[in-house]
Amino acid sequence: MINRHLIKSHGESSFRPSFKTSVGPQNIVQQFRVVSQSVNPFCLYYKPIQAHELKKYISKIDIPIQIVETSNPLKKFMNTLNMNDRSALEESLTKIKRIPFVGDIELEELETPTIIIRLSEMNRKIEEKIFQIEYNLLKKLKTDIDFLVLPV
Amino acid sequence: MQHKSKAQHNEQFLITLGSSSEFIDWKFVVLYYSALHFGDAFIAKKGISYIKNHKERKKLYADKLPSEVYASYRMLENASIIARYRPEKSYVLTDKEFLDLCSIDFPKLKTLV
């Protein structure tokens, strides 16, 4: 059994009271995310964990670990999305992060949740790429999301 | 047809602003609204004559326009948002940026109808 303070079930607000270690590693990766404090050396923010990492946590169970909600508005917003929208948005943001000159990506709650993409250098080719990614994203997404490209 | 007239009307207004940079922010805004009405005219030809808001428009454009035209529309919109709501970033609204939008992106919307 694992301490309930260590494990938060994926995409749900309630905590699982217990968890059997006999569940396969794949299930662990798919179903659970570790939430911990940044001051703690064993911290992982909403990161899917592997079975061996989980064992490490179990062995350190006496170390006080607190559950913290992320303060990042984009991550908070992502947590409100259904699985399909969330994975589509994650995929798009991963593509955008790989584009040169892309800096911070953050969320602003305007009329529509708006993802602000900061460019260290405004460049029309890059803007075009970003909006083509948005084009493909809108075809998959049920949630309303806007992209806004701004200089850093 | 009404959307096309409105688009042309806005385009005419843009010409009256001339080549001065004094009101460059408004030139970006007018260019965007002209492009928007060309886009709406295209959507009207597909049987949807009234678009409620920008949310709905964006979905319809993503659905009905080719990706490069959609990207151009969004670049025009992005610049107009900076012009209207982000004065601290308005240094990116240069004459060159305006000319690029005018000569590369705007015609993609205009030639839809």
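**Helix packing and the chain contact**

Mentor: In this predicted model, helix α4 (residues 83-97) of chain A and helix α5 (residues 124-140) of chain A have axes that come within 10 Å and cross at roughly 170 degrees. Angles over 145 degrees count as roughly antiparallel, so α4(A) is roughly antiparallel to α5(A). On the α4(A) side, the residues that meet α5(A) are A:A88, A:L89, A:S92, A:K95 and A:I96; their partners in α5(A) are A:I130, A:I133, A:L137 and A:K140. Sorted by class, this contact has six nonpolar, one polar and two charged residues.

Chain B has a helix pair of its own to describe. Helix α2 (residues 24-45) of chain B packs against helix α4 (residues 67-85) of chain B at an angle of about 145 degrees, and their axes are 8 Å apart. The crossing of α2(B) past α4(B) is left-handed. From α2(B), B:D25, B:F28, B:V29, B:L31, B:Y32, B:A35 and B:G39 take part; they meet B:Y73, B:L76, B:E77, B:A79, B:S80, B:A83 and B:R84 of α4(B). The class count for this contact is nine nonpolar, two polar and three charged residues.

Between the chains, 15 residues of chain B are in contact with 16 residues of chain A. On the side of chain B that touches chain A, the elements giving two or more residues are α3 (54-64) and α4 of chain B. α4(B) gives the most to that side, with seven residues. By class, the side of chain B that touches chain A has six nonpolar, two polar and seven charged residues.

Conventions
Residues numbered from 1 in each chain as written. Chains lettered and ligands numbered in written order. Predicted model: local features only at pLDDT ≥ 70, side-chain atom pairs only at ≥ 80, totals over all residues. Axes fitted to C-alpha atoms, helices over the stretch in contact; angles between N-to-C directions. Helix = DSSP H or I, 4+ residues; strand = E, 2+ residues; numbered from the N terminus. Parallel < 35°, antiparallel > 145°, perpendicular 65-115°, else oblique. Contact = placed C-beta atoms within 7 Å. Nonpolar A, V, L, I, M, F, W, Y, C, P; charged D, E, K, R; others polar. Left-handed = near helix turned anticlockwise from the far one by under 90°.
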